[in-house]
Amino acid sequence: MPNTANMSKIPPEARLLLDYYSSQVIEVMSMSPIKKPPWKTIHLPCAMGALAELLVHGEGRSFAKMALFYALLSISAFHLGFANGESDGNAQHWKLKGAAHKKTAQKYLRSSLDKNLPKTMRGKYKEVLMSMLSMVTIGVRSGSCWFRAR
């Protein structure tokens, strides 16, 4: 029997966006025809683990893993927003979803870097690294990747 309280904590578009990430985004991000890109073998399984933790426990076990989960949702949403073209009414919807998921991913990523929290809550090093790399991908996919000269 599904726990409806836990299910309500999962974004309703999560399944669609993770499926889209798996079937469309990974292919675009893999420049070479390698059979096992890291986005498919490492990033996606970790995000699916976060989804399972949300479903079973109502919360993720690590902030880094949750950051990755929301980062992948953001990447997919932005990809959908730009893939449909500006004239499509859904484009703006997906860009707004991408921005919202990016904000949530940033919140979790900040927590994963907080040295005042226990290491187990922050997450594993590779989860933090995957989350950071995914945040860079969000910047590229959303068109908001810019650099400031110092």
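Predicted model: local features only at pLDDT ≥ 70, side-chain atom pairs only at ≥ 80, totals over all residues.
Let us begin with valine 56, which is found in helix α3, spanning residues 38-57. Helices here are DSSP runs of H or I with at least four residues, strands are runs of E with at least two, and both are numbered from the N terminus. Residues are numbered from 1 along each chain as its sequence is written, and side-chain values use heavy atoms, with hydrogens and water left out.

Valine 56 is exposed, with a relative accessible area of 58%. By exposed I mean over 50% relative accessible area, by buried under 20%, and by partly exposed in between, with a 1.4 Å probe and protein chains only. Together with Met7 and Leu55, Val56 makes a nonpolar surface patch of about 270 Å². Such patches are made of residues with over 30% relative accessible area and no salt bridge; nonpolar side chains (Val, Leu, Ile, Met, Phe, Trp, Tyr) are joined within 5 Å, and like charges within 9 Å. The areas come from the Shrake-Rupley method with a 1.4 Å probe; for residues, only the protein chains shown count as cover.

Turning to the whole chain, the secondary structure comes to seven helices and zero strands. Of its 150 residues, 43% count as buried. The chain exposes about 9,100 Å², and carbon and sulfur atoms supply 59% of that area.

Which helix is largely enclosed by the rest of the structure? It is α4, because 18 of its 21 residues are buried. Helix α4 reaches 30 Å from its first C-alpha to its last, close to the 30 Å expected at 1.5 Å a residue; the expected span is 1.5 Å times one less than the number of residues.

Two serines illustrate this helix. Serine 74 sits in α4, residues 63-83, and is buried at 0% relative accessibility. Its side chain reaches the backbone oxygen of glycine 98 at 2.8 Å. That is a polar contact, a pair of N or O atoms within 3.5 Å; within protein, one must be able to donate a hydrogen and the other to accept it, and residues adjacent in sequence count only if both atoms are side-chain atoms. Serine 76, also placed in α4, is likewise buried, with a relative accessible area of 0%. A polar atom of the serine 76 side chain lies 3.0 Å from the backbone oxygen of leucine 17.

Finally, the charged pairs. How many salt bridges does a search of the whole structure find? There are two, a salt bridge being a side-chain nitrogen of Lys or Arg within 4 Å of a carboxyl oxygen of Asp or Glu. Lysine 97 pairs with glutamate 13, the closest N and O atoms being 3.6 Å apart. This pair links distant parts of the chain, 84 residues apart: lysine 97 is in helix α5, and glutamate 13 is in the loop between α1 and α2. Lysine 97 is partly exposed at 27% relative accessibility, whereas glutamate 13 is buried at 10%.

The other salt bridge joins lysine 65 to glutamate 53, with the closest N and O atoms 3.0 Å apart. Lysine 65 lies in α4 and glutamate 53 in α3, so the pair ties together parts that are 12 residues apart in sequence. Both lysine 65 and glutamate 53 are buried.
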